[in-house]
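Hi everyone, thanks for coming. Today I'd like to walk you through one structure, strand by strand, and finish with a helix. Please have a look at the screen.

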Amino acid sequence: MFSPNSTSDVRRALCLRGLGATIVRLAKVRLLRISFSCLLLTLGLLWPSRTIAGTQNYAEASLPVFELHSGFWINLHHTLYQEARQRKAILSRDANTTKSAAATAKSVLAGKGLTDTEQKAWDDAVAFYMLNYADKDLLFTTELIQLKDQLGDFEDCDELSGRKRKFCDAGLPANLTLVLEAAAPVYRAHLWPEHDKANRRWILQVAPLVREQGVGLSERLADIYQTRWPHGKIRVDVVAYANWAGAYTTVDPLRVTISSLDSRNQGPQALEVLFHEGSHGIAEPVQRAIIRECRQRDKPIPRDLWHALVFYTTGEVIRTVLTSSLASSADKGNGGPASGYSAYAFREGLYQRGWKNYLELLQRFWQPYLDGKATFDDAIARMVSSL
Ligand SMILES: [Zn+2]
């Protein structure tokens with residue numbers, strides 16, 4: 001998901017998505033994962049409960065299709081990343097701004113009553129992120145993807161070094177482990193409770209719709225893309241801050257990260273965000289078909305078209321489901337708008353900001369396919385030939 005301010009933003013986002021889909025994780029990390037999983041199995045009987053005191057993570061695993069998590073470390077990581085980028089932006093905008101002024105102006109912990117020691121630990125962690133990560137994209141940088149996945153996997157640990165429990169050695173670089181463990185008590189004391197609360201609220205709000213509509217939606221979308229929905233539940237990490245787009249998806253393994261605070265992800269639209277992001281895992285047949293048709297016609301490949309198509313398709317499918325669902329809810333006197341669900345791409349003005357031609361093509365040639373009046377191949381061929 002994203003809300004571009006210009007055509008170049010749209011292009012950048014699409015480019016990022018495309019690259020993200022080709023990222024292959026290093027075999028080394030896979031081995032680490034496998035050995036960690038084996039270790040967990042071995043130690044399973046010794047583990048007193050899913051949650052170790054002090055972490056207080058939450059996982060909604062009873063839903064179909066998605067497994068929704070509110071995890072401590074991955075939230076801390078994204079919060080530090082967010083703050084580091086904000087401080088950098090302030091410093092680069094105004095060369096006269098000092099580092100301490102930038103920190104005071106934008107710290108998410110401003111006004112929280114930190115002690116000097118706590119403030120220093122937090123500022124040191126933000127400085128580390130400014131130096132090492134703030135200029136890297138969460139979606140395109142293999143290092144950040146692996147780090148995010150590792151922190152999700154270790155959400156039940158209250159440390160990352162393995163000092164107290166060997167199986168909590170996350171295998172991160174030693175200096176990063178020190179930074180995160182030093183910032184953790186500050187975050188846990190002053191911000192995590194409200195972030196966790198927002199994450200849980202977001203999860204609880206979307207859960208009934210996922211429970212009610214999730215399987216049907218996943219089957220319908222997989223059918224449209226002429227593929228299968230991924231086997232097993234897709235892990236979704238719900239975080240206070242995600243990336244600039246408010247949500248992003250990485251593959252191998254397929255994982256979704258969604259911001260619980262982002263205004264674009266609220267209300268019934270949360271369901272669309274979930275399924276749009278999940279669709280990143282199954283939309284490859286569309287990309288392949290567009291490329292094939294372009295090559296046959298000797299046309300340049302429009303790298304944005306597949307993503308516009310995914311936005312359009314998810315929006316239409318969700319709109320159909322939610323309109324009837326909200327209407328029946330209103331009929332029962334439960335309130336809420338009974339009609340006019342506005343799909344994400346329309347609501348956020350994506351088509352008006354660079355995709356107007358694509359919208360016309362989608363409405364003219366792709367919609368008949370969604371309505372069962374054209375074939376997949378014909379719809380793609382006609383869109384490409386009209387480019
Ligand atoms: Zn997307």
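Let's start with a turn: which residue in the turn of the β4 and β5 hairpin has a positive phi? It is aspartate 252, with a phi of about 55°, and the hairpin has 4 residues between its two strands.

Before going on, two notes on reading this. Residues are numbered from 1 along each chain as its sequence is written. This is a predicted model, where local features need pLDDT of at least 70, side-chain atom pairs count only at pLDDT 80 or more, and totals for chains, interfaces and linings use all residues. As for names, helices (H or I, at least four residues) and strands (E, at least two) are DSSP runs, numbered from the N terminus.

Back to β5, residues 255-259. Strand β4 (residues 247-250) pairs with β5 in the antiparallel sense over 4 bridges; two strands count as paired if DSSP finds at least two bridges between them. Here threonine 249 has valine 256 of β5 as its bridge partner. Strand β3, residues 234-239, also pairs with β5, in the parallel sense over 5 bridges. There, valine 238 is partnered by isoleucine 258.

So, how many of the 5 residues of β5 are buried? The answer is 5 of 5. Buried means that 20 or more other C-beta atoms lie within 10 Å of the residue's own, with exposed at 12 or fewer, partly exposed in between, and C-beta atoms placed from the backbone. In a regular strand the side chains alternate between the two faces of the sheet. In β5, Arg255, Thr257 and Ser259 are on one side, Val256 and Ile258 are on the other, and both faces are covered.

Now follow β3 to another partner. β2 pairs with β3 in the parallel sense over 4 bridges, and glutamate 67 has arginine 235 in β3 as its bridge partner. In β2 (residues 66-70), 4 of 5 residues are buried. Strand β1 (residues 58-60) joins β2 in the antiparallel sense over 3 bridges, with glutamate 60 opposite leucine 68. Their hairpin has 5 residues between the strands, and valine 65 takes a positive phi near 70°.

Finally, the helix I promised: α7, residues 174-190. Among its buried residues are Val179, Leu180 and Tyr187. The buried residues of α7 pack against α3 (72-93), α5 (116-132) and α8 (192-224), where contact means C-beta atoms, placed from the backbone, within 7 Å.

Technical notes: Expected span 1.5 Å × (residues − 1). Contact = placed C-beta atoms within 7 Å.
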